[in-house]
Amino acid sequence: MKKYKIAVLSGDYIGPEIMDSGLKVLRAVSQNKNFDYEIKELPFGGSAIDQCNNPLPESTLENCKSSDAVLLAAVGGPKWDQAVKRPEVGLLKLRKELELFANIRPTSINESMQSYSPIAITKSVDFVIVRELTSGIYFGEPRELNKKEAIDTMRYNVDEIKRVSEVAFKMAMERKKHLTLVDKANVLATSKLWRRVVEQVAQEFPEVTYDNSYVDAAAMKIIATPEQFDVILTENLFGDILSDEAAQITGSLGTIPSMSSGSFGPALYEPIHGSAPDIAGRGIADPISMIKSIAMMLENSFHRDDLAQEIYHSIYRSISEHTSTPDLGGDSTTEEVTESIIKNIKEGRQEYVKNNVR
Ligand code: IPM
Ligand code: MG
């Protein structure tokens, strides 16, 4: 049996707390299931700045490159606000070095989550945001900051748009066959290029219904009529903003996982939220985003949909039984939620046969 190598980057503040939960669940779900793995914990983010003055030490990067998958919790926080190289610089460098150009951020509301949504959900909501992750304004040059002026540059080329569009269209083919490009093509030159390239890629996928929306209107529709979306394809910054908004309609940012993948090497799995310094150390961080990120890893990097389904079912069972952290209105701790999910995994195996959830 192959022993998979998983690089573990716990990061800062609530990062280690939720990573600890996630790894406990991984251990429980893989027991006696012919799934063998070893984890390598690596310094990253603010804690790596403290250790060696570098948010992404060379050895961390090398270990990530030679692993089968990377798990990341969260980085950043006020402690390193004045650092020359902030923790976020390490995160962007890691994404760039591993060429993780496609970032998949799911939003779905199933029955057990419906009562947590702040908006009245009458129809089924299940869409994914495919966010371009290694270009655009996050990486644009020139970039300048002086006392009187600051400059950021949004730049995209055809190849960068094409490769992430292909991922998004392939995903639409496996889902409800509907793709919406979100841009600002009435103003931005980069958006005009996105439209041209995506329209070409759309011709290769005639079964997929393709449409587009300006980002301001899309922000409104995500709240007003979220059921209309299947796959939302968008550039880096718009995807960052819209995915936090979309998360909120499920009830909590603390439940949303993500997968970032490229054309070679390992994929990376991380919650979409940050390191939540305000609640760190109190034992109340929601571990679900991390645990779901691990389920996404099992499914996508290791093709163990069976184990992923056990995790998803166990999470929803815990939520239905009102074992949840304060972000979902509950009063359970991180540890109690984790223990409850593990208990459900151990008890529930036989029930999780066909009815797939995510
Ligand atoms: C995210 C985060 C990061 C981003 C930050 C921490 C740099 O907000 O993954 O969404 O903007 O990409
Ligand atoms: Mg973000």
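Is Lys162 buried, partly exposed or exposed, and what is its relative accessibility? In this predicted model, Lys162 has a relative accessibility of 34% and therefore counts as partly exposed.

Side chains of opposite charge can pair when their charged atoms come close. Across the whole structure, a search finds 19 salt bridges.

## Arg175 and its two partners

Arg175 forms a salt bridge with Asp126, in which the closest N and O atoms are 3.3 Å apart. This pair connects distant parts of the chain, since Arg175 lies in the loop between α5 (158-174) and β8 (178-183), while Asp126 lies in strand β5 (residues 125-132), 49 residues apart. Arg175 is partly exposed, with a relative accessible area of 25%, and Asp126 also counts as partly exposed, at 31% relative accessibility.

A salt bridge also joins Arg175 to Asp230, at 2.8 Å from N to O. Here too the pair links distant parts of the chain: Asp230 is in the loop between α7 (215-224) and β10 (231-234), and 55 residues separate it from Arg175 in the loop between α5 and β8. Asp230 has a relative accessible area of 1% and is therefore buried, as the limit for that class is under 20%.

## A network of charged residues

Salt bridges also occur as a network, which links Asp81, Arg86 and Glu88.

## Strand β3 and its neighbours

Strand β3 comprises residues 69-74 and is mostly covered, with six of its six residues buried. Strand β3 runs parallel to strand β1 (residues 3-11), and five bridges join the two. Within this pairing, Val8 has Leu71 of β3 as its bridge partner.

Strand β3 also pairs with strand β12 (residues 267-269), again in the parallel sense, over three bridges. In that pairing, Ala69 has Ala267 of β12 as its bridge partner. In a regular strand, the side chains alternate between the two faces of the sheet.

## A negative patch on the surface

On the surface, a patch of negative charge gathers Asp331, Glu335, Glu336 and Glu339. One of these residues, Glu339, is located in helix α11, which spans residues 334-348. Glu339 has a relative accessibility of 39% and so counts as partly exposed.

Key. Residues numbered from 1 in each chain as written. Chains lettered and ligands numbered in written order. Predicted model: local features only at pLDDT ≥ 70, side-chain atom pairs only at ≥ 80, totals over all residues. Heavy atoms only, no water. Patch = residues over 30% accessible without salt bridge, like charges linked within 9 Å, V, L, I, M, F, W, Y side chains within 5 Å. Areas by Shrake-Rupley, 256 points an atom, 1.4 Å probe, with all protein chains shown as cover. Salt bridge = Lys/Arg side-chain N within 4 Å of Asp/Glu carboxyl O. Lys, Arg positive; Asp, Glu negative; His and termini not counted. Charge placed at Lys NZ, Arg CZ, Asp CG, Glu CD. Helix = DSSP H or I, 4+ residues; strand = E, 2+ residues; numbered from the N terminus. Buried < 20%, exposed > 50% of the residue type's maximum accessible area, 1.4 Å probe, protein only. Pairing = 2+ DSSP bridges.
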